[in-house]
Amino acid sequence: MAVAELSTSCTKTHSSQLSLSSSSSSRFSHHFRRSFRPLPTTRNPTISCSVASDQVQTPIPVQAQDLKGKSECYGVFCLTYDLQAEEETKSWKKLINIAVSGAAGMISNHLLFKIASGEVFGPNQPVALKLLGSERSIQALEGVAMELEDSLFPLLREVSIGINPYEVFQDAEWALLIGAKPRGPGMERADLLDINGQIFAEQGKALNASASPNVKVIVVGNPCNTNALICMKNAPNIPAKNFHALTRLDENRAKCQLALKAGVFYDQVSNMTIWGNHSTTQVPDFLNARIKGLPVKEVIKDHKWLEEEFTEKVQKRGGVLIKKWGRSSAASTAVSIVDAIRSLITPTPKGDWFSSGVYTNGNPYGIVEDIVFSMPCRSKSEAELLAEKRCVAHLTGEGIGFCDLPEDTMLPGEM
Ligand SMILES: NC(=O)C1=CN([C@@H]2O[C@H](COP(=O)(O)OP(=O)(O)OC[C@H]3O[C@@H](n4cnc5c(N)ncnc54)[C@H](OP(=O)(O)O)[C@@H]3O)[C@@H](O)[C@H]2O)C=CC1
Ligand SMILES: O=C([O-])CC(=O)C(=O)O
């Protein structure tokens, strides 16, 4: 079957090819752009409450009619402070800019609050959210911004909203491209190609023109593999390896089904690869996956179930859910976007890997070149990449090579 074919054609070169670089390419300083004098802090706010109209700049919330092609700070987020003057923020990292399209949609309604809470990028990472909507969604987008205001997230330092991707993507270090029409009951994801493809051509161009040159792009809107390809092709200034199509939800679904069948909690399932497209042709790879560190077939003795039911269950999970809910997965998709981001910014645990749709050029699996295909990936730490660089110093004209490489893990098919 397809999985065996795929898993035997891998070579050792794969891991270095999929190395991911650090996400911190911020050009921002620790001072924010609109910084001004903070209120004097007090240890006991109950006895020192006073009106400080001379010290606080009143924010003017953006109204829909002001947003003709502009991206503007919203409400309380127009009012920012000099972080270096705040004791508890001195250990914080530089602000990062995260652009989200389809920000008024179902998935974003879960995702934005996770990002703003710090659960995605960490408790020392202040974030700026740059929300992209459209004429049709601008009122709803203001509603989202209002809810973000009311949540009082300490790490959320800027929120801007807009309908022009060139404006909204300005200096973005992450672009989470969610905005696209979802399929309804009875549709395949590929039926959306005509409607949604154009969105990703335009947004690719906008990223190319406006975003940080090292922006990491996760394409969620369906059909996400081909939309990621369209986006990448329209953004030649951004490295192709920075584009991902979200197949993490499929990985999570596959882990859940294996755990259920094996009677173990799902944290015991590892090394789960989703090969191919985020569609019903995807191949969830039970041959290389592990349960409690053991090959799946040693734990699940019902091989007929593995070969005949498991794959189809994972392939069709999205469609089954649409029939139940009347709309596509939103909360679990948001969770899987969080997982995908974390996997990209954290070195992959030893011996494990994660799935992502990546550009196939130079891939070691014999997959046709020039498409976006889901395969196993690992993120390497900066220390590991520096060790590799030292190892090849004789090839880069930087002296004599010295190898002190940490032990590596095998990917499916490696000998
Ligand atoms: N890769 C994956 O694992 C998954 C992908 N998805 C996909 O993510 C995308 C977003 O899903 P979800 O947030 O639930 O969808 P919603 O319908 O809740 O929101 C989608 C947003 O996309 C924008 N949009 C752009 N073009 C259209 C259009 N023609 N019709 C309707 N909306 C449009 C709208 O925002 P605006 O008006 O602001 O542009 C809308 O708010 C879909 O394509 C869905 O299939 C969903 C689940 C999993
Ligand atoms: O099935 C859909 O259309 C939404 C989706 O991509 C998923 O749930 O995997």
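Me: How many bridges join E4 to strand E5, and in which sense do the two strands run?

Reply: Two strands pair if DSSP finds at least two bridges between them, and strands (E, at least two residues) and helices (H or I, at least four) are DSSP runs numbered from the N terminus. Here six bridges join E4 to strand E5 (residues 127–132), and the two run parallel; in E5, the bridge partner of Ile96 is Val127. This is a predicted model, in which local features need pLDDT of at least 70 and side-chain atom pairs count only at pLDDT 80 or more, while totals for chains, interfaces and linings use all residues. Residues are numbered from 1 along each chain as its sequence is written, and chains are lettered from A and ligands numbered from 1 in the order in which they are written.

Me: Which residues of E4 point one way and which the other, and are they buried or exposed?

Reply: In a regular strand the side chains alternate between the two faces of the sheet. From E4, Ile96, Ile98 and Val100 point one way, Asn97, Ala99 and Ser101 point the other way, and all are buried. A residue is called buried if 20 or more other C-beta atoms lie within 10 Å of its own, exposed if 12 or fewer do, and partly exposed in between, with the C-beta atoms placed from the backbone. Strand E4 (residues 96–101) is thus mostly covered, with six of its six residues buried.

Me: What does E8 show when it is read in that manner?

Reply: Lys216 and Ile218 point one way from E8, Val217 and Val219 point the other way, and all are buried. E7 and E8 run parallel and are joined by four bridges, and Ala175 stands opposite Val217 in E8. In the loop between E8 and helix H7 (224–233) one finds Pro223, which a cis peptide bond with omega of about -5° joins to Asn222.

Me: How should I read a helix, and which residues of H11 are buried?

Reply: An α-helix has 3.6 residues a turn, so residues three or four places apart point the same way. Helix H11 (residues 331–345) has 15 residues and reaches 22 Å from its first C-alpha to its last, close to the 21 Å expected at 1.5 Å a residue, where the expected span is 1.5 Å times one less than the number of residues. In H11, Thr333, Ala334, Ser336, Ile337, Ala340, Ile341, Ser343 and Leu344 are buried. The buried residues of H11 pack against several elements, among them helix H3 (106–117), strand E7 (174–177), strand E8 (216–219) and helix H8 (248–262), where two residues are in contact if their C-beta atoms, placed from the backbone, lie within 7 Å.

Me: Which residues are the closest to ligand 1?

Reply: A residue is near a molecule if its C-beta atom, placed from the backbone, lies within 6 Å of it. In this model 28 residues surround ligand 1, and the closest are Gly105, Met106, Ser134, Ser137 and Lys181. The elements that give two or more residues to this shell are H3 and helix H6 (193–210).

Me: Where does Asp171 lie, and what is its phi?

Reply: Asp171 lies in the loop between helix H5 (165–168) and E7, and has a positive phi of about 60° although it is not a glycine. With 17 C-beta neighbours inside 10 Å, Asp171 counts as partly exposed. Asp370, in the loop between E15 and strand E16 (372–377), has a positive phi of about 70° although it is not a glycine, and it counts as exposed because it has 11 C-beta neighbours inside 10 Å.

Me: How many helices and strands are in the chain?

Reply: There are 12 helices and 16 strands in the chain, and of its 415 residues 40% count as buried.
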